[in-house]
Amino acid sequence: MKAEKEHIDELIVSYLSNELDGNAVHELKEWIAASVENEKYFMQRQEIWFSAISVKEDVKYDKSKAFEQFKNRIANQRLNDKRERENFCLSKFWRYAAVIVILFSVSYFSYWRGGISIKEEFSDIIVEAPLGSRTKLTLPDGTLVWLNAGSRITYSQGFGVGNRKIELIGEGYFEVKRNEEVPFLVKTNSLLVKVLGTKFNFRDYPDDAEAVVSLSEGKVSLNNLLKKEKEAFLLSNERVVLNKKDGRMHVEHSTVANALQWTNGYLFFDEELLPDVVKELERSYNVKIQIASDTLNTFRFYGNFVHREQNIQEVLEALSATRKIHYFIEGHNITLY
């Protein structure tokens, strides 16, 4: 195990100093992608490496010496981790870790150019929630994310290194770890949301007529990507609704808790149009629903169902009890009339 870690450390050093050949780069990337722990290990080592680079020094770079000092710094980190478990706080750890400096000859420009080069080589990570299910995950920066059925997020393997950008398709609930130096960005085809640290729900399925951002706490800024409009802001218990047909959006007060019901396994319809109800049922139960008559499209429904306990037929029975609609089921296909 120790020999393997030393080998990985040497690969990381060679990679960060742009001296790793193609096969070794492939080996390192495969190791990083093998587990979340490996990815975190790489990110920590990269942070240690770059945090120690002096952008002003003009001494000759000695890789062997740099590697030895890098290993010393890693050993120092492990020692401080042990001390931390013995009631040393994290801030003290970083003060001690910052004592060791790696001598590295690089100009300010080439340092950032190298950093950009590294970021460009990171592959994308895709996390999906299949139809009929939900997915919960924690991003490398500590941000908690819930993905609703039929949703997907994409982010760089270098997430947190200079940016915290997420691309979203579908619906996600985010509890963002605060970082005033690196804003958290969530982008869809319709909206760009920018936050420092807050809790919000973002729904923008490609086939939905509207995109909705509901803010639970904090403050977020929004950019309408369908129209060139000035930046808008949301405060706690507000939501923005973007009409994707005409590109118009408006901010309104909202009971945001209702928008978050799905994270606890509930289906909540708040006077929603039947076509929107149908889409949510299709994603949640992985079924296909057809509305046989256009006259049904104007009907609105209110209801709260426990998705994990109630099957699709029970939900349809409740909807048909309004006497506005009837239904019949044939396999995974449902018709409303």
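Predicted model: local features only at pLDDT ≥ 70, side-chain atom pairs only at ≥ 80, totals over all residues.
**Cores**

I started with the largest nonpolar core, which holds 31 residues. Leu139, Ile153, Phe174, Phe184, Phe200, Phe202 and Val213 touch the most other members. I picked Phe200 and listed its contacts, leaving out residues up to four places away in sequence. Among them are Phe174 and Val213, along with Tyr173, Val176, Val186, Val193, Val195, Leu215 and Val220. Gly172, Ser214 and Ser216 also touch Phe200. Another core lies apart from this one; it has 20 residues, including Phe269, Tyr285, Phe301 and Ile325.

**Helix α8**

Next I went to α8, residues 274-285. I checked its length: at 1.5 Å a residue, 12 residues should span 16 Å, and the end C-alpha atoms are 16 Å apart, so the two agree. Is the helix mostly covered or mostly open? Mostly covered, with 10 of its 12 residues buried. The buried set includes Leu274, Val277, Val278, Leu281 and Tyr285, but also Lys279, Glu280, Glu282 and Arg283. I then looked up what these buried residues pack against: strands β14 (266-273), β15 (288-291), β16 (300-306) and β18 (333-336), plus helix α9 (312-320).

**Charges around α8**

Lys279 sits in α8 and made me stop. Lys279 is buried but has no salt bridge. Which side chain of opposite charge is nearest to Lys279, and how far away is it? It is Asp208, at 4.0 Å. Beyond its sequence neighbours up to four places away, Lys279 touches Asp207, Asp208 and Ala209.

Arg283 does pair up with Asp208, in a salt bridge at 3.7 Å, N to O. The pair links distant parts of the chain, with Arg283 in α8 and Asp208 in the loop between β8 (199-204) and β9 (210-217), 75 residues apart. Arg283 counts as buried at 11% relative accessibility, and Asp208 is buried at 10%. I also noted that Asp207, Asp208 and Arg283 are linked in a network of salt bridges.

**Other salt bridges**

My count for the model comes to 8 salt bridges. I looked at Arg164 with Asp141, where the closest N and O atoms are 2.5 Å apart. Arg164 lies in β5 (residues 164-175) and Asp141 in the loop between β2 (135-138) and β3 (144-147), so this pair ties together parts that are 23 residues apart in sequence. Arg164 is buried, with a relative accessible area of 3%.

I set Arg178 with Glu180 beside that pair; here the closest N and O atoms are 3.4 Å apart. Both Arg178 and Glu180 are exposed.

**Positive phi**

Last, I went through some backbone angles, keeping in mind that most residues other than glycine have a negative phi.

Asn237 is not a glycine either, yet has a positive phi of about 60°. I found Asn237 in the loop between β11 (232-235) and β12 (238-243), partly exposed at a relative accessible area of 40%.

Where does Arg323 lie? In the loop between α9 and β17 (327-330). Arg323 has a positive phi of about 65° and counts as exposed, at 78% relative accessibility.

Technical notes:
Residues numbered from 1 in each chain as written. Heavy atoms only, no water. Core = buried A, V, L, I, M, F, W, Y, C linked by side-chain atoms within 4.5 Å. Buried < 20%, exposed > 50% of the residue type's maximum accessible area, 1.4 Å probe, protein only. Contact = heavy atoms within 4.5 Å. Helix = DSSP H or I, 4+ residues; strand = E, 2+ residues; numbered from the N terminus. Expected span 1.5 Å × (residues − 1). Lys, Arg positive; Asp, Glu negative; His and termini not counted.
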